[in-house]
Amino acid sequence: MSATAGGQRPLKDLFQRLIDLSVDAYYNPYKTFVWPEELPRGRYWMSPELLSVHGTPWMEELPEERLHVLAQWEIVNFLSLSAHGIRELLLHVLQCIHTPGFEDTSEYFHHFIGEENEHMWFFAQFCRRYGGKIYPTKRLKFDRFEDPGLRNFLAFGQILIFEEIGDFYNRSMERDGRLPAIIQQINHVHHEDESRHMAMGRLILKHMHEDLRSSVPEESLRALEASLRGYMQVVIEAFYNPAVYADAGLAEPYQLRRDLLAHPARARFHARAVERIQGFLLDTGIFKEPVYASEERAV
Amino acid sequence: MHPKSAPSETEIEQSREMARVKAWLLTVNKEAGTVGWDTDLIAERILDSLQMVNFLLYIEEVRGREIREQMIRPECFQSLRAIYENFLRP
């Protein structure tokens with residue numbers, strides 16, 4: 001990884017700043033949350049604007065009690081996805097820490113690993129206490145790249161995409177007074193920690209890409225892009241879980257998933273959910289085209 | 001208890017569920033018509049990562065129940081024969 005950001009502050013200084021912020025912000029998650037015995041039914045546990053049916057006829061046609069039940073299962077799904085995603089990213093970071101090429105980032109990785117482990121803990125706590133389960137992941141993982149440099153880039157790209165989409169949901173819910181306090185708090189705490197992780201992730205990915213541009217053929221860069229584009233779609237579409245619809249008592253859950261994904265309102269939502277990360281990937285040249293195009297705003 | 005013997009090609013070909021699965025494959029990949037029962041779906045990149053998720057969900061829909069998490073491994077989806085044996089065989 002190149003040592004400076006194009007004549008700007010050296011990378012090591014930026015990494016150290018993030019480490020210092022992590023140390024200053026350190027908290028004990030096992031004492032931070034007060035877990036209520038149960039959460040109130042008849043209330044949204046996820047912001048209605050974030051529900052996978054929002055903007056579609058189902059939002060209007062389903063009675064509000066049914067939407068409350070759906071929201072309860074959708075938050076369990078969101079936090080389940082988050083827990084599974086953390087496992088995957090931890091596996092990769094643990095393979096990289098204190099290995100050649102990661103000398104400058106390993107100190108930070110210790111904080112990252114610690115914080116992500118704790119995030120996984122409190123997500124799993126919520127899912128088990130209030131949903132009675134963690135939804136299983138329906139993703140098959142297999143390696144498409146043999147070159148370690150390409151695999152590392154792909155892994156860190158996936159980590160950043162996953163974090164930034166999750167952060168879109170966190171930012172939306174952390175101050176939503178309609179939601180139970182514990183849900184606001186989980187989203188807030190996670191957002192605070194992830195702000196550092198995403199800052200770090202962007203630095204790492206940008207510099208990895210700069211290094212790759214000078215060392216691998218264009219064809220490999222396009223293959224990496226294709227993989228990351230596919231991953232972004234997998235993450236977005238994981239929010240449409242037929243098991244959630246079945247648990248919420250909705251008919252034909254698999255068809256519902258297909259119908260929702262095809263609805264234009266959902267395409268607009270997806271563009272908003274990925275706006276920040278997609279903008280970054282386009283600005284850095286990692287993506288040549290958007291995956292989810294924003295609507296052009298009328299002047 | 002005796003383990004089941006490997007399914008014959010006739011058994012797989014006569015399965016209505018496998019016919020649906022193969023038809024689904026054709027809608028997402030026009031070249032899937034040449035996919036044999038033992039074609040390595042993963043190595044041959046018949047499906048990309050997003051299609052693979054949708055494929056898994058479609059198999060669940062056809063069989064009428066969720067696939068257990070322990071069975072979500074590449075080798076269980078390696079070929080159409082593996083899919084039949086693992087998920088659709090009565």
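A residue counts as buried when its relative accessible area is under 20%. That cut-off is applied here to a predicted model.

Ser22(A) lies in helix H1 of chain A, which spans residues 11–24. Its relative accessible area is 1%, so Ser22(A) is buried. Leu57(B) sits in helix H3 of chain B, made up of residues 49–63. Leu57(B) has a relative accessibility of 6% and therefore also counts as buried.

| Residue | Relative accessible area | Class |
|---|---|---|
| Ser22(A) | 1% | buried |
| Leu57(B) | 6% | buried |

What surrounds Ser22(A), leaving aside neighbours within four places in sequence? The contacts are Tyr108(A), His111(A), Glu115(A) and Arg196(A). With Glu115(A) there is a polar contact between side chains, at 3.4 Å.

Leu57(B) reaches across to chain A. Residues up to four places away in sequence not counted, Leu57(B) touches Lys138(A), Pro242(A), Tyr254(A) and Arg257(A). Within chain B, Ile67(B) is ten residues along from Leu57(B), and their C-alpha atoms are 8.6 Å apart.

**A helix crossing in chain A**

Helix H6 (residues 148–173) and helix H11 (residues 264–273) of chain A meet. Their axes come within 9 Å and cross at roughly 105°. Angles of 65 to 115 degrees count as roughly perpendicular, so H6(A) and H11(A) are roughly perpendicular to each other.

Which residues make the contact between H6(A) and H11(A)? H6(A) supplies Ile165(A), Phe168(A) and Tyr169(A). H11(A) supplies Phe269(A), Arg272(A) and Ala273(A). Five of these contact residues are nonpolar, one is charged and none is polar.

Conventions. Residues numbered from 1 in each chain as written. Chains lettered and ligands numbered in written order. Predicted model: local features only at pLDDT ≥ 70, side-chain atom pairs only at ≥ 80, totals over all residues. Heavy atoms only, no water. Axes fitted to C-alpha atoms, helices over the stretch in contact; angles between N-to-C directions. Helix = DSSP H or I, 4+ residues; strand = E, 2+ residues; numbered from the N terminus. Parallel < 35°, antiparallel > 145°, perpendicular 65-115°, else oblique. Contact = heavy atoms within 4.5 Å. Nonpolar A, V, L, I, M, F, W, Y, C, P; charged D, E, K, R; others polar. Buried < 20%, exposed > 50% of the residue type's maximum accessible area, 1.4 Å probe, protein only. Polar contact = N/O pair within 3.5 Å; in protein donor to acceptor, adjacent residues only side chain to side chain.
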